[in-house]
Amino acid sequence: MHKFIYDKKRVASFCDAVFSIAMTLLVLEIDVPSVETIYKKDFLVILYNRIPNFIGFFVSFMVIAIYWVSHLRIFRYVKEITEKFIWLNIGLLLCVVFLPFSTAIYVIDFFGTAPFVFYCCNLVILGILNYLLVRDITKKGIGYKDMTLTIGKWLRFRALNAVIIWSLAAILAPFLPITARVIFVLIFIVQLLGDRYFKKKINPILIEEE
């Protein structure tokens, strides 16, 4: 049976477009006050009332940015775009495009448990699909020849990091709501420590190419 291979450049361009559109849509969820409201109310109060929106925008923007950077990082190792890769990638993009909606639900009731758990579920599913995509790329014979065993472990570690921490945030939400909402910071800390660990084991030439 003939195996159909997709054009890598077209796939990459499409992915970049989806990521950029999703990041742009996030700002539309921040309600813009009318001229009358600005004149009638204190401007600082207007901004204060939108703090949940700003937080939701910033967190989701950074989340999408992280996955876009991850996509850039792993895409260099892709040798061929298979049917399986295409559908895993479409699933990932579906979760990315859905993020502006789950963010809006979350910030409407910022301290509500259910909206936050719903938001976390979006991010957990996104992370799982990203991990499956990374695992598919790091399989022997799929990636380029410079895809070493250590690099594969490094990329899978980065993919699992977000899944675990957002799952933990969802679990903690009913019991420790404040902790659950700030625990995402661990994603950056754990990733930084993991990067230092794995980069010591990787050929410096490959690191420079990253």
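This is a predicted model: local features need pLDDT of at least 70, side-chain atom pairs count only at pLDDT 80 or more; totals for chains, interfaces and linings use all residues.
**Salt bridges**

There are 3 salt bridges to visit. Start by selecting Asp31 and Arg50, whose closest N and O atoms are 3.1 Å apart. Asp31 sits in the loop between α1 (8-26) and α2 (35-40), and Arg50 in the loop between α3 (43-49) and α4, so this pair ties together parts that are 19 residues apart in sequence. Asp31 is partly exposed, at 48% relative accessible area, while Arg50 is buried, at 13%.

Next, select Asp195 and Arg158. Their salt bridge brings N and O atoms to 2.8 Å at the closest. It links distant parts of the chain, with Asp195 in helix α9 (residues 185-199) and Arg158 in helix α7 (residues 149-172), 37 residues apart. Asp195 counts as buried at 13% relative accessibility, and Arg158 counts as buried at 13% too.

Now pick Lys84 and Asp136, where the closest N and O atoms are 3.7 Å apart. Lys84 belongs to helix α5 and Asp136 to helix α6, 52 residues away. Lys84 is partly exposed at 42%, whereas Asp136 is buried at 7%.

**From Asp136 to Thr82**

Beyond its neighbours within four places in sequence, Thr82 is in contact with Ile5, Tyr6 and Asp136.

**Last stop: Asn130**

Finally, select Asn130 in helix α6 (residues 113-138).

Key
Residues are numbered from 1 along each chain as its sequence is written. Side-chain values use heavy atoms; hydrogens and water are left out. Contact means heavy atoms within 4.5 Å. Helices (H or I, at least four residues) and strands (E, at least two) are DSSP runs, numbered from the N terminus. A salt bridge is a side-chain nitrogen of Lys or Arg within 4 Å of a carboxyl oxygen of Asp or Glu. Buried means under 20% relative accessible area, exposed over 50%, partly exposed in between (1.4 Å probe, protein chains only).
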